[in-house]
Amino acid sequence: MSANSISSCSSLRFLTTRTIPKTPFLKTPSFIQIPRKNNDHTFFSFRPITFQKLPTTPSSSSSTTPSPSTTEENSLQPIEELPPKLQEIVKLFQSVEEPKAKYEQLLFYGKSLKPLEQQFKTNDNKVQGCVSQVWVRAYLDPQQNNNVVVYEADSDSLLTKGLAALLVTGFSGRPVSEIVRVKPDFVHLLGLQQSLTPSRNNGFLNMLKLMQKKALMLFVEAEKGASELGSSSSSSLEVKDGNFVENSKGSGAGGESVSQSSGEKGAEFTSSSEVKGGSFVENSSGGELSGRGRRIKEKLEKELDPVELEVEDVSYQHAGHAGVRGSGDGETHFNLRVVSKEFEGKSLVKRHRLIYKLLDDELQSGLHALSIVAKTPSEVNEG
Amino acid sequence: MEVLLPKLPSFKFSSPICCCSISTRSSSYVKFGFRRFSSLSVCASTANEAVAEPSLGSPSLGHTTRPHFPILHQEVNGSKLVYLDNAATSQKPTVVLKTLQSYYEAYNSNVHRGIHFLSAKATDQYEAARRKVASFINASDSSEIVFTRNATEAINLVAYSWGLSNLKRDDEIILTVAEHHSAIVPWQLLAQKVGAVLKFVNLNQYEIPDMDKLKELLSRKTKLVVVHHVSNVLASVLPVRDIANWAHDVGAKVLVDACQSVPHMTVDVHSLNVDFLVASSHKMCGPTGVGFLYGKIDLLSSMPPFLGGGEMISDVFLDHSTYAEPPSRFEAGTPAIGEAIGLGAAIDYLSGIGMQTIHDYEVELGRYLYERLLSIPNIRIYGPAPSEKIKRAALCSFNVENIHATDLATFLDQQHGVAIRSGHHCTQPLHRYLGVNASARASLYFYNTKEDVDNFIQALNDTVNFFSSFK
């Protein structure tokens with residue numbers, strides 16, 4: 001049994017337990033529960049009514065809520081913008097009516113949280129503004145080519161641990177851009193806010209902000225790291241060994257993938273091939289190339305008349321990250337080594353741009369990134 | 001327009017005759033109380049017979065005063081409010097609220113400055129409030145009472161004004177590890193400035209600051225001893241009069257943080273013989289925004305100003321100014337006039353009940369709280385156990401094993417409407433000493449009842465079960 005208040009101010013709490021709030025009525029659905037005891041509102045029946053369903057699409061409506069107004073949607077982030085796991089969690093909490101049951105659910109999440117090792121319980125990882133102790137650790141997942149952020153968290157308070165678990169579940173493995181897009185007031189969507197005291201809420205928001213901040217920092221560091229090895233998605237290059245990774249258009253989420261340095265790969269390439277004067281050497285490493293790989297080869301052969309051409313499909317290394325999603329055939333990442341006279345007199349940037357122009361069709365249809373080595377025959381001979 | 005509060009009979013006895021006598025009073029405020037009370041008397045007849053402490057059964061002091069506090073009669077989160085956070089701040093009786101209202105409605109005006117009717121009235125009331133504070137703590141003169149924003153500001157006043165001009169390198173200040181942050185930090189700031197040294201007294205085996213250690217630490221280097229009268233976490237009471245004697249023996253001054261004592265018991269600065277004493281209005285049924293410093297007049301007279309501005313000056317020239325006598329010297333700018341007058345009304349209200357009565361009731365209710373808390377499995381209550389020799393204040397800070405204090409407090413609030421506090425209660429050094437990050441605290445005041453404690457214990461049991469089932 002609980003009457004849930006919108007605001008943390010104690011005088012307003014007093015107001016909401018006694019009267020219908022004067023604020024626009026539709027700000028209240030999904031988390032106002034009319035107190036069962038002094039039910040003197042003629043508007044409602046004896047049975048307590050809870051408005052718990054927030055419309056997830058504009059057209060849906062619940063049986064108990066009036067149709068949503070735009071004020072509701074203007075003030076809260078639409079649920080579709082949240083990371084998918086978080087959407088699930090929101091829906092779950094909305095379907096649980098009783099606050100006590102919500103708590104049980106929260107504690108259950110907390111229980112599933114992997115404990116954080118002591119060494120990570122540092123000041124940098126500590127969430128400020130929490131009445132209990134909360135730590136959040138974020139790192140790039142090496143098993144996913146450092147393209148996604150993974151979180152770990154811990155707390156000495158069970159309820160806070162539950163909140164941390166929600167965020168960890170919702171955010172881990174998601175692209176940085178998706179994480180930083182989540183607005184703090186999504187907590188209203190959970191319908192948990194009224195079950196939490198303002199100070200705890202504060203901690204929750206700070207936890208969220210810390211996780212977003214850490215994701216951004218990791219992203220920026222990784223970008224810096226990649227550019228130090230001679231690559232970035234902008235055209236300024238510091239080329240050490242002629243290799244860099246170009247990050248072409250992503251999947252619409254706007255630059256969420258972390259550029260990956262290809263230093264090692266370049267080394268592999270340069271050592272693996274030999275130049276036979278004048279003859280065309282073709283070497284496709286790994287298995288057979290299908291579809292796109294073949295098309296790339298054909299195009300480059302046709303246009304650049306290369307002395308050497310190697311096309312390697314390395315999409316498997318990027319499986320699971322956002323750039324791959326939506327590219328059905330899975331051929332999204334390739335390593336290219338091209339040695340051609342066409343490159344003579346052209347700067348590195350120009351060479352790469354040339355290749356991209358030639359492969360424009362592929363780039364438009366799901367090719368995500370290329371790792372390019374572009375040399376002239378004379379450069380290779382000097383070698 | 002003094003607020004007349006007739007003296008209420010002391011309510012140690014549950015005889016209904018005593019309670020009916022309220023009706024003979026004529027002031028409207030008391031009638032209000034009586035009207036409410038008559039509805040309570042119906043409940044009184046069903047009061048539990050199994051009560052071990054007869055003065056806690058209806059109608060106890062808690063039952064008779066509760067009607068005076070409108071804020072207590074509400075629901076939070078679907079349950080009746082049980083307010084047990086009085087050590088953080090107290091609630092205000094209607095008479096104090098009315099005083100504030102009437103000040104602003106009828107005679108609000110700046111004090112000490114004007115000569116017109118309203119201003120004279122406001123000044124009179126303001127100074128009358130000062131006299132009430134002085135007589136409440138038995139200061140020898142009202143000029144020994146300086147109104148401040150709160151106790152914290154009062155301590156800072158002493159640190160900056162007296163401390164800066166009297167302490168130098170290697171001088172020592174003695175405190176305890178159980179002091180509130182407001183009684184520690186100003187001295188840390190001062191010590192940094194002048195090179196003084198802070199020394200801390202640890203707790204003894206009863207979890208009270210060790211007075212033997214204190215005596216050991218005292219030396220001719222000690223210039224100031226800063227102690228709490230009643231601890232807001234341990235609920236222990238320190239022998240302030242003895243401490244003052246020991247300190248004076250070595251030529252040191254004593255500052256007492258009386259925030260948790262002045263609201264709950266008789267405090268007599270003359271008999272305690274302390275040099276400085278601070279307290280807050282909001283913990284003693286008065287409004288927020290005002291507190292006071294008591295200082296012996298010769299000490300105050302020798303102290304330079306704290307804040308500079310209007311009111312605290314005598315003459316102002318371009319190149320220098322001369323300063324007023326205490327207490328004005330330390331009250332720069334327009335004070336919280338209405339609030340100080342409200343504090344005066346609160347003092348009248350408390351005096352009407354009688355501080356001894358309040359104290360006796362709280363000793364009993366506090367002991368009841370302590371004993372009932374002991375029944376919670378795996379609970380650890382901080383501070384000394386109550387006994388014949390050791391009296392506890394009516395508050396208990398505690399932890400339940402394996403359950404975080406914040407979880408307890410949140411669940412108690414959300415599911416049961418019980419308001420307690422969790423955290424470090426502005427005593428981080430003490431919590432570090434005790435080896436915990438946080439604790440929960442339930443603190444009572446004279447308007448709490450035995451039923452409040454029973455509801456709290458029942459809610460706490462429910463909460464502990466809920467969290468234990470998740471382990």
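Visitor: Which residue in β17(B) is the bridge partner of B:C396?
Guide: That is B:A442. This is a predicted model, where local features need pLDDT of at least 70, side-chain atom pairs count only at pLDDT 80 or more, and totals for chains, interfaces and linings use all residues. Residues are numbered from 1 along each chain as its sequence is written, chains are lettered from A and ligands numbered from 1 in the order in which they are written, and side-chain values use heavy atoms, without hydrogens and water.

Visitor: How many bridges join β14(B) to β17(B)?
Guide: Four, between residues 395-400 and 439-443, and the strands run antiparallel. Strands (E, at least two residues) and helices (H or I, at least four) are DSSP runs, numbered from the N terminus; two strands pair if DSSP finds at least two bridges between them.

Visitor: What is the strand order in that open sheet?
Guide: β13-β14-β17-β16 in chain B, with antiparallel pairing. β13 (379-381) and β16 (421-423) are the edge strands, each pairing on one side only.

Visitor: Switching to helices. Which residues of α7(B) are buried?
Guide: B:P186, B:W187, B:L190, B:A191 and B:V194, in a helix spanning 185-194. Buried means under 20% relative accessible area, exposed over 50%, partly exposed in between (1.4 Å probe, protein chains only).

Visitor: Why do they line one face of the helix?
Guide: Seen down the axis of α7(B), the buried residues fall within an arc of 135°, so they line one face. The arc is taken from the directions from helix axis to C-beta atoms.

Visitor: What comes after α7(B)?
Guide: B:G195, with a positive phi near 85°.
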